[in-house]
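Here is a short briefing for a first look at this structure. Please read it with the model open beside you.

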Amino acid sequence: MNLTGIARLLLKRYAREVESWCGREEEVQRELLCRMLGEGAKTQFGQRHGFKELVLLPTPADTAAEYAAKVPLRDYEGFRADVMKMIEGEKDVLWPGECRSFAQSSGTTGGRSKYIPVTNTGLKQNHYKGASCSVALYLKSNPESRMFAGKGLVLGGSFANNVIEVRKGTVIGDLSATLIQRIYPLANLFRVPDKHTALLEDWEVKLPLLSRKAAAANITNISGVPSWMMRVILKVLEITGASSLKEVWPNLEVFFHGGISFAPYRAEYEALCEGLDMHWSEVYNASEGYFAVSDNSGHPGMILLVDAGVYYEFLPLGSEVPVGIGEVEVGKIYELIVSTVNGLWRYRTGDTVRIESLAPVRVTVAGRTKSYINAFGEELMEDNAERALAEACRLSDSSVHNYTVAPVYAHGSERGRHQWLIEWKKTPASVEEFAAVLDTQLRALNSDYDAKRSHDIFLEGPEVVSVNEGTFDGWLSRSGSGKLGGQRKVPRLSNTREIADSILSSLEEK
């Protein structure tokens with residue numbers, strides 16, 4: 001039964017709403033902020049920062065200006081104490097009422113994980129609305145779509161977490177697990193796998209089980225992180241003995257992808273989907289919120305969702321003063337600051353975005369404000385790498401002069417991995433044993449890395465490549481990277497292989 005026509009009618013209002021924002025982004029954003037502050041005034045955070053007085057100002061423009069003046073920018077550490085009170089059951093802390101769901105993410109210096117509140121309001125006004133907008137815009141741009149003539153393969157995580165004690169009724173884990181757990185029951189008729197399978201913690205059990213169920217279904221659309229989905233697809237092909245997805249899912253038409261860059265995976269996906277009329281629809285969703293969707297128009301960037309429970313500010317690189325959505329410039333890169341109905345107020349996401357157009361406001365994710373690798377959804381930060389490396393050196397009685405890390409992307413049956421190019425001061429007795437210790441330390445420090453390393457399903461252990469003395473200094477001199485003296489520094493972590501391949505090429509030339 002093809003229910004695409006019905007779905008198109010039900011979702012049409014979301015496409016119209018997105019279109020209605022065009023040229024009105026600043027007005028829509030300020031009105032949203034006033035509504036959010038009205039709710040926030042009922043909270044401990046709002047009382048501390050005078051939200052009640054902010055909403056009584058004469059105009060939304062006055063409210064936005066005074067909000068920026070009164071509430072300082074914060075990263076996660078500025079919210080950690082309040083979030084822990086929410087986890088313990090305290091009400092009206094950052095958002096009205098009690099919050100029972102928290103998305104676990106990594107990447108902070110002060111703790112192994114971040115716990116992002118996921119409120120009922122956030123689910124309804126942001127996460128589910130964002131997903132609805134994405135599908136609505138896809139259906140609008142593809143009138144021949146038969147997406148709801150079959151099922152969607154939706155990958156999700158689990159509620160496994162590293163919190164010692166969680167009170168009954170509160171869940172902490174992957175955001176995707178909460179979205180699957182709380183989704184409208186009717187939606188389960190159009191998705192694979194079933195909820196029980198989708199929420200399994202052990203990927204060694206989960207991967208073959210969900211792959212078998214997916215292989216037996218009429219899949220028309222897939223959604224997930226490209227690296228995770230690739231592992232599932234390869235397992236499906238292994239189970240069925242097929243050489244391409246057209247043999248397994250002849251009606252597959254779209255991949256809704258996000259979380260990491262699709263560029264390194266695109267060629268392999270296109271090869272696997274040869275013969276299918278495939279569409280690739282990018283979304284910008286994170287634990288902190290669902291921020292942008294593709295309108296499938298071919299225009300660079302994704303449309304920013306300006307009335308979906310998130311108020312945006314944009315911090316020019318090198319500046320300390322953010323600007324509003326009405327002041328951004330095409331082509332410029334900004335750090336993204338968000339205030340959300342999940343209770344984050346002027347929160348520094350750490351993401352940088354490039355403005356691609358103004359009406360509508362389209363963005364592309366430019367990277368992070370800190371050195372990191374997120375090639376497989378592992379969110380490995382420089383702080384994690386430095387600490388793990390130091391401990392591995394201590395345990396192996398070795399020391400490092402210089403290093404850089406780059407991803408080696410999965411290809412075919414080979415899984416991805418991190419490649420560490422290390423110039424030693426004191427070489428360990430066994431480089432292989434050093435790599436194993438380094439891996440153990442990284443897993444202890446970073447929960448996302450640990451999850452991707454589980455059973456070697458998505459990410460293999462690190463590969464350590466020893467390079468000769470003087471390699472990095474020589475590369476810096478030849479490439480012109482860095483500055484002389486103490487300012488000279490090799491980039492530690494990179495999401496691409498540009499630096500690592502350049503260094504390896506220079507060694508081959510020698």
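Helix α7 (residues 120-141) and helix α8 (residues 175-182) pack at an angle of about 95°, with their axes 12 Å apart. That makes α7 roughly perpendicular to α8, a label for angles of 65 to 115 degrees, while under 35 counts as roughly parallel, over 145 as roughly antiparallel and the rest as oblique. Axes are lines fitted to C-alpha atoms, for helices over the stretch in contact, and angles run from 0 to 180 degrees between N-to-C directions. The model is predicted: local features need pLDDT of at least 70, side-chain atom pairs count only at pLDDT 80 or more, and totals for chains, interfaces and linings use all residues. Residues are numbered from 1 along each chain as its sequence is written, and side-chain values use heavy atoms, without hydrogens and water.

**Helix packing**
- N120, L123, H127 and Y128 of α7 meet L175, T178, L179 and R182 of α8; contact means heavy atoms within 4.5 Å.
- Helices (H or I, at least four residues) and strands (E, at least two) are DSSP runs, numbered from the N terminus.
- Helix α11 (residues 226-240) packs with helix α13 (residues 263-272) at about 30°, and their axes are 12 Å apart.
- The pair α11 and α13 is therefore roughly parallel.
- On the α11 side, P226, S227, M229, M230, I233 and L237 meet Y265, E268, Y269 and L272 of α13.

**The open sheet**
- An open sheet of 11 strands runs in the order β5-β3-β6-β7-β8-β9-β10-β14-β13-β12-β11, with mixed pairing; two strands pair if DSSP finds at least two bridges between them.
- The edges are β5 (191-192) and β11 (310-316), each with a single partner strand, so one side of each has no neighbour in the sheet.
- Strands β6 (residues 219-224) and β7 (residues 254-257) run parallel and are joined by four bridges.
- Within this pair, I222 stands opposite F255 in β7.
- Helix α7 packs on the sheet and touches β7, β8 (279-286), β9 (289-293) and β11.
- The direction of α7 makes about 15° with that of β9.

- F255 counts as buried at 0% relative accessibility; buried means under 20% relative accessible area, exposed over 50%, and partly exposed in between (1.4 Å probe, protein chains only).
- Beyond residues up to four places away in sequence, F255 touches several residues, including I222, M229, F262, Y269 and W280.

**Nonpolar cores**
- The largest nonpolar core has 75 residues, and Y67, L304, Y312, F314 and W345 have the most contacts inside it.
- Helix α7 gives the largest share of this core, seven residues.
- Apart from it lies another core of 61 residues, among them V192, L237, A375 and L389.
- A nonpolar core is a set of buried Ala, Val, Leu, Ile, Met, Phe, Trp, Tyr and Cys residues joined through side-chain atoms within 4.5 Å.

**Backbone details**
- A cis peptide bond joins V192 and P193, with omega about 0°.
- P193 lies in the loop between β5 and α9 (195-198).
- The bond from A359 to P360 is cis, with omega near 5°.
- P360 sits in the loop between β13 (347-358) and β14 (361-368).
- E379 is not a glycine, yet its phi is positive, near 45°.
- With a relative accessible area of 21%, E379 is partly exposed.
- D456 has a positive phi of about 60° and is not a glycine either.
- At 32% relative accessible area, D456 is partly exposed.
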